[in-house]
Structure formats: structure tokens, C-alpha cells
Amino acid sequence: MDSKKFGEFIATIRKEKGWTQAELAEKISVTDKAVSRWERGLGFPDINTIKPLADVLEVSVLEIMQSEREPKEEILSLIHISEPTRPY
């Protein structure tokens with residue numbers, strides 16, 4: 001993963017939502033300094049923070065990892081493929 005690209009991705013979505021770094025940090029139980037470091041490309045979140053971050057930003061974990069948005073149709077097809085089959 002490219003830390004600069006990751007930081008720009010997080011910052012862009014956060015700003016789209018109208019949140020400060022402190023507001024995002026509070027939502028995922030990290031410090032605003034941690035969010036600042038990520039957004040400046042100086043590091044990445046802890047692995048245990050990735051899923052909550054994706055949930056709060058309303059993107060998939062895959063999008064977080066790739067630092068880019070996927071077309072909605074592609075995400076829906078991935079969700080459909082990954083659903084377990086159910087006996088009827």
C-alpha cells in the first residue's frame with residue numbers, strides 16, 4: 001500500500017463527510033494525531049482499526065486497502081459471490 005495515496009483517500013472521504021480529524025478519530029477510538037499521521041502518509045492504522053474505519057467511512061475494506069473507490073456494481077457482485085449458499 002502507498003501511504004500517501006492511503007492518506008489522501010482517507011482525508012478526501014473524511015472531508016466529504018464534513019468531519020474533522022478529531023471527529024473521525026472519536027468514531028473509531030483513536031487519537032486525532034493518529035488520523036493526522038495517516039492523512040500525511042506517515043503510517044497506517046493498526047490492523048484492528050481497518051474494519052471500523054471502513055465502516056465509518058462507508059467504504060469496503062478492499063477500498064481501504066486499495067485506497068480507491070470501486071464501482072458499486074463490482075462491490076455488489078463481490079458481496080453476492082461471497083455469500084454462502086443456503087439449502088432450500
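These notebook entries record what I looked up in a predicted model of one protein chain.

**Ground rules.** I number residues from 1 along each chain as its sequence is written, and side-chain values use heavy atoms, with hydrogens and water left out. Because the model is predicted, local features need pLDDT of at least 70 and side-chain atom pairs pLDDT 80 or more, while totals for chains, interfaces and linings use all residues.

**Overview.** I found six helices and zero strands, where helices (H or I, at least four residues) and strands (E, at least two) are DSSP runs numbered from the N terminus. Of the 88 residues, 34% are buried; buried means under 20% relative accessible area, exposed over 50%, and partly exposed in between (1.4 Å probe, protein chains only). I then looked at contacts (heavy atoms within 4.5 Å). Among those between residues at least 6 apart in sequence, 57% join residues at least 24 apart.

**Helix α3.** I looked up residues 32-39 and found Ala 34, Val 35, Ser 36, Trp 38 and Glu 39 buried. Their cover includes α1 (3-16), α2 (21-27) and α4 (47-57). Gly 41 follows α3 and has a positive phi, near 75°.

Leaving out residues up to four places away in sequence, I list Phe 9, Ile 13, Ala 54 and Ile 64 as touching Val 59.

**Salt bridges.** I counted five, taking a side-chain nitrogen of Lys or Arg within 4 Å of a carboxyl oxygen of Asp or Glu.

- Glu 39 pairs with Arg 14, with the closest N and O atoms 2.6 Å apart. Glu 39 is in α3 and Arg 14 in α1, so the pair ties together parts 25 residues apart in sequence. Both residues are buried.
- Glu 16 meets Arg 69 at 2.7 Å, N to O. Glu 16 belongs to α1 and Arg 69 to the loop between α5 (61-66) and α6 (72-82), 53 residues apart. Glu 16 is exposed at 53% relative accessible area, whereas Arg 69 is partly exposed at 45%.
- Asp 55 pairs with Lys 51, the closest N and O atoms being 2.8 Å apart. Both lie in α4, four residues apart, about one turn of the helix.
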